[in-house]
Amino acid sequence: MAENLNPFAIAQAQLDEAAEVLGLDPDMHAFLRRPQREFHFSIPVKMDDGTTKTFQGFRVQYNDARGPAKGGIRFHPDETIDTVRALAAWMTWKTAVADIPLGGGKGGVICNPRELSTGELERLSRGYMRNIARYVGLFQDSPAPDVNTNPQIMAWMLDEYETIMGHREPGTITGKPLALGGSAGRGPATAMGGMYTIREAAKVLGIELKGATAAIQGFGNVGSFAAKLAQEMFGIKVIALSDEFGGIYNANGFDYHEVAAHMAKTGKVIDFPGSVPISNKDLLELGVDILIPAAIENQLTSANAENIKAKIIAELANGPTTPDADNVFERKGIYVIPDFLCNAGGVTVSYFEMVQNAYQYYWTEEMVNQRLDEKMTHAFHAVHNMAQQKKVYTRVAAYLVSVSRVAEAVRLRGWV
Ligand code: NAD
C-alpha cells in the first residue's frame, strides 16, 4: 500500500502509537486527535492593477489547555488545512515538551508571496489579522513567523491588531522586529536550540563533535543558522548543503560565511566555487555523522529510509520523517532527535519574547541563549530518559512526555 503522506494523518498516527504505549484513556485520546477550534476565512486583497483577489486563510487552535495557543503563520501556494492542523498539533506537543506555559496553534494562507508586491503583501497580512483579531491575543493565541513570513509581516499584523483593539499589546505576536519589542536571539533561536540537543545527543552516544561531519537540507532561516552554528560552536564539518534548487558537496567541509556570501549574491547555494553538485536525494543518503533536515515535510520516507547512513538525524524541519521511515530508523539504531524537540528553540525564545514584552524589560542575547540552553537540555534529557526507561524510540518517548503533560492539564480543567 502506498505510504500516506498527509501530514495530519501522520500526526494522528504518531499520537495513536504514543496513546497505546501510555494506555491513554480512549476519551482523552479522541479529544487530543482533533483540533479544539478552526477558523477558515476569505481575505479580499486590492491588487496593484486595480483588481481584487480573494485568498484563503486558516488559523487552527489545536489545544490551549496548558496556556494560550501559539504557532506561526505560513504563506505558501501548497498550503492545506491538513498541513495547518498537523503543524498545530506538533506545536501543542512542542510547547509541552519544552515545558513552556503555552498551547499549540498554527496559521496559513494559500498564496505565493514571491508573486506579490510589497504593498499587496502588506494588505494581505493586515487582511489576515482583520479576520482573526478577535480570536487571538496575549491570553488567547499568539502568532509568529514561519515559512515565507518574516518580522516585517509580523510588524504589519501587530499594527493591525493594536489598531483594532485600541491599545498596545506586543506579546500578541512574536518574531517581531527588535524595534517593536522583538527578542534578542530570536533569529537563530530554532537552530541554536537544535545545536543544544545535538550536543546532548553526541554526549549520550559518545560522538566527538569536533571534526564530525554533517549534511544540511535547506538553507533558509533555520538551515543557514544551523550551518553557521555547527561550524562555530562545535567545529562540525558541514560537507553538504542544499536548497530547493539543488545541493553542493565538498568532502573538506564548507565555510559558512563564504557560502552565505555566495547565497546573498545568487540566491542559491548551487555553483558555489570549488563544490561538486549533489541532488537533494543524494544529500540525504550521505554517510555523515549528523543529518539535518531543515526544509520541508516528508523528506525521509519508505522510499529512502533504508539508504540513510547518518548516526544522528536532527530534525530541525517540521515533519521531515514519515512513520514508515521511523520504523526503519528504529531498527537500524539511528538516533533521531524528533522535530518537536529538536526545533523547539524557536517557540521557546518566542515565549521569552512574550515574557520580556509583559515586563517591558529586555534581556541580552547571552541571557536568552543561557535560558534557552537550560530549557533545551532539560527537554532533551526528559525525552532521552523516557526512551531509556520505556525502551521506546525517541519520537514515541517525546510524545509520551508531551501527551502526558497536555492530558494532565485537560483532566485538571475537567474537560475530559
Ligand atoms: P525558510 O523558508 O526560511 O527556508 C526553507 C529552506 O528550504 C529554503 O532554503 C528552501 O530553498 C528550502 N527548500 C524548500 N523546498 C525544498 C526542497 N524540496 N528540497 C530542499 N530544500 C528545499 O523556512 P525556515 O523558517 O528555515 O523553516 C524550515 C523548516 O523548519 C520548516 O519545516 C519549518 O516549519 C521549520 N521550523 C522553522 C522554525 C523557525 O523559527 N523559522 C521553527 C521551527 C521549525
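Q: Where does Ser275 lie in this structure?
A: Helices (H or I, at least four residues) and strands (E, at least two) are DSSP runs, numbered from the N terminus. Ser275 is in the loop between α8 (256–266) and β9 (276–278). The model is a predicted one, in which local features need pLDDT of at least 70, side-chain atom pairs count only at pLDDT 80 or more, and totals for chains, interfaces and linings use all residues. Residues are numbered from 1 along each chain as its sequence is written, and side-chain values use heavy atoms, with hydrogens and water left out.

Q: Which residues does Ser275 touch, not counting residues up to four places away in sequence?
A: Contact means heavy atoms within 4.5 Å. On this basis Ser275 touches Ile248, Tyr249 and Phe254.

Q: How many residues surround the ligand?
A: A residue is near a molecule if one of its heavy atoms lies within 4 Å of it. Here 22 residues surround the ligand, and the closest are Thr190, Phe219, Val222, Glu244 and Asn318.

Q: Why does the ligand lie between domain 1 and domain 2?
A: Domain bounds come from an automatic or database domain assignment. Both domain 1 (37–180) and domain 2 (183–360 + 371–416) give residues to the shell around the ligand, so the ligand lies between them.

Q: What does the shell around the ligand contain by class?
A: Ala, Val, Leu, Ile, Met, Phe, Trp, Tyr, Cys and Pro count as nonpolar, Asp, Glu, Lys and Arg as charged, and the others, Gly among them, as polar. The shell has 8 nonpolar, 8 polar and 6 charged residues.
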